[in-house]
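The sequence and coordinates are shown first, and the description follows.

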Amino acid sequence: MTAPEAAGPVGLPAADAADTPAARAGALRRNAIGVPGMIFMVVAATAPLTALSSNISLSLGFGTGASTVLLLVLVGLVLAVFAAGYVVLSRYVTSAGAYQAFVEFGLGRRAGAATAFVATLAYTIAAAGMVAATGYFAALTWSPLTGADVPWWAFAAVALVVTYGLGVRGVEIAQHVTTGISVLQFAIIGALAVAILVGNPGGWSVPVLSPTAAFGPGLAMTLVFCLLCFGGFEATAAYGEEARAPRRSIAVATYAALGILVVVFALGTWTLAAAFDDVRAVAAEDPGALVVTAADRYLGGWSGPVLSGLVTISFLAAAVAFHNLASRYLFALGRSGLLPRSLAAVHHRHDTPFVGCRTQAVVAMLLLVPFAVVGADPIVNLFPALSGITSLALVAMMIGCCVSLIVAALRGRVGETRWATVVAPGVAGAVLAAVLVLIVGHYAEVTGSDALVVALMPLSLVVVAAYGVVAATLSRKDES
């Protein structure tokens, strides 16, 4: 049995997709993005340089230390196993709301709707957080260069306008922006690795592959931070409707992006571990300064301003990537009738989900305005909540995809190999479920905050998932 042609809106058979009212109402531009663009939209969402400056540095200081390298590789292997089933699902359903369609394929409309609302919330707040971080680091970069103090929210407002503009213009432009920014990040990480190899070759002997240290204290924090390094994983399938030869493009882009990220993060983390005699002590003292400290020591004083600027634009690229994911989920929800159908409208010239882009930008502004008004620090006060919600949402959605594929396979709805449809999603789902338990059990450690409001924010995921189930139930009654 062979896979059918890629489906249209939210899991409909391909033969019927073109005839649905939703499809006639508007469609995203076909053939707008190829494999390289899809790869770098995934890379942009992870923002490698910023992850090394935040998540990875925290893991080096408070997690498993240098053994973070080993856990990054292991997480990459788990995601490679997950990708076997993920790619199978992409052959049967193609939708801008990828995880929604994947979960709906095997578990039904209600489960798919719950997934869609969880994804929309997670990606919307992630995009807002990246906009805030762009403004924060832009202000830090601007002040030493000009001597003028400009509030972070002013730069964030500019970043939000740029993000919205690129979203409306479409992935044809956005992919080039994110590709250029990603290449710059690779270049500085590579330059730092070479400089440390030359300046401190003995540092590379640090035992980064020690299983004893990897599975010791700090395991939960490190696993979560490693998983967040691959947070843009869904982007390949989310652009399926706009991709050239989507079946092949999604498969190639998924594995290529995963491979690139594993290499970049493993190399970057090992580079930081090799830069210092006791990386745990240096990272624990000031995690945010670890990358800059290493660069100053091995590349010279010129690297500080350059790194600061690169961190700023890498956050901007991540904002663009998450904005595009959120706007496509809003588009998919409007098209399926779970949110106002006006969200399914596409731009008359660019064929982009411009109403979704506008909605996401407005929500992001509403999220950020209170922080600007009270003068709160967006990194200290906003990011703890974002890391917890995003990690929970991503893991839960991936588990849903695994269960969906297994159920579909047992019902005879897919004809791929047993490995790809049952074994791989079973193994990946079990590991991801264990990670989910670790996140919940060590939530204060993961977020770096024991504030009650941060601890309660994950309930928002439960609320929107329940709303999705109710909305799907009511819409089905309206159709009958």
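## Helix packing and local contacts

Ile 250 is located in helix 14, where helices (H or I, at least four residues) are DSSP runs numbered from the N terminus. With a relative accessibility of 1%, Ile 250 is buried; buried denotes under 20% relative accessible area, exposed over 50%, and partly exposed the range in between, with a 1.4 Å probe and protein chains only. The model is predicted, so local features need pLDDT of at least 70 and side-chain atom pairs count only at pLDDT 80 or more, whereas totals for chains, interfaces and linings use all residues. Residues are numbered from 1 along each chain as its sequence is written, and side-chain values use heavy atoms, with hydrogens and water left out.

Helix 14 (residues 246-275) packs with helix 6 (residues 68-92) at an angle of about 175°, and their axes are 10 Å apart. Axes here are lines fitted to C-alpha atoms, for helices over the stretch in contact, and angles run from 0 to 180 degrees between N-to-C directions. The two helices are therefore roughly antiparallel, a term applied to angles over 145 degrees. The residues of this contact comprise 17 nonpolar, five polar and two charged. In this classification Ala, Val, Leu, Ile, Met, Phe, Trp, Tyr, Cys and Pro are nonpolar, Asp, Glu, Lys and Arg are charged, and the others, Gly among them, are polar.

Helix 6 also holds Phe 82 and Tyr 86, which are four residues apart, about one turn of the helix. Both residues are buried. Their rings form a tilted aromatic pair, 5.7 Å centre to centre with 40° between the planes. Rings of Phe, Tyr and Trp (its six-membered ring) pair if their centres lie within 6.5 Å; planes under 30 degrees apart are stacked, over 60 edge-to-face, and the rest tilted. By this rule there are 12 aromatic pairs. Phe 82 and Tyr 86 belong to one aromatic cluster with Tyr 99 and Phe 102. A contact of another kind involves Phe 105: the charged end of Arg 413 sits over its ring, 4.2 Å from the centre. The criterion is NZ of Lys or CZ of Arg within 6 Å of the ring centre and within 35 degrees of the ring normal.

Ala 116 lies in helix 8 (residues 109-146) and is buried, at 0% relative accessibility. Met 457, by contrast, is in the loop between helix 22 (452-456) and helix 23 (459-479) and is partly exposed at 33%.

| Pair | Apart in sequence | Apart in space |
|---|---|---|
| Ile 250 and Ile 39 | 211 residues | 9.2 Å |
| Ala 116 and Tyr 99 | 17 residues | 7.1 Å |
| Met 457 and Leu 386 | 71 residues | 9.2 Å |

Helix 12 (residues 219-228) is mostly covered, with nine of its 10 residues buried. Among them are Phe 225, Cys 226 and Leu 227. Cys 226 has a relative accessible area of 0%.

How many disulfides does the structure hold? The count is zero, a disulfide being a pair of cysteine sulfur atoms within 2.5 Å. The closest cysteine sulfur to that of Cys 226 is in Cys 229, at 5.9 Å, which is too far for a bond. For Cys 401, which is buried at 3% relative accessibility, the closest cysteine sulfur is in Cys 402, at 6.9 Å, also too far for a bond.

Definitions and conventions
Angles under 35 degrees count as roughly parallel, over 145 as roughly antiparallel, 65 to 115 as roughly perpendicular and the rest as oblique.
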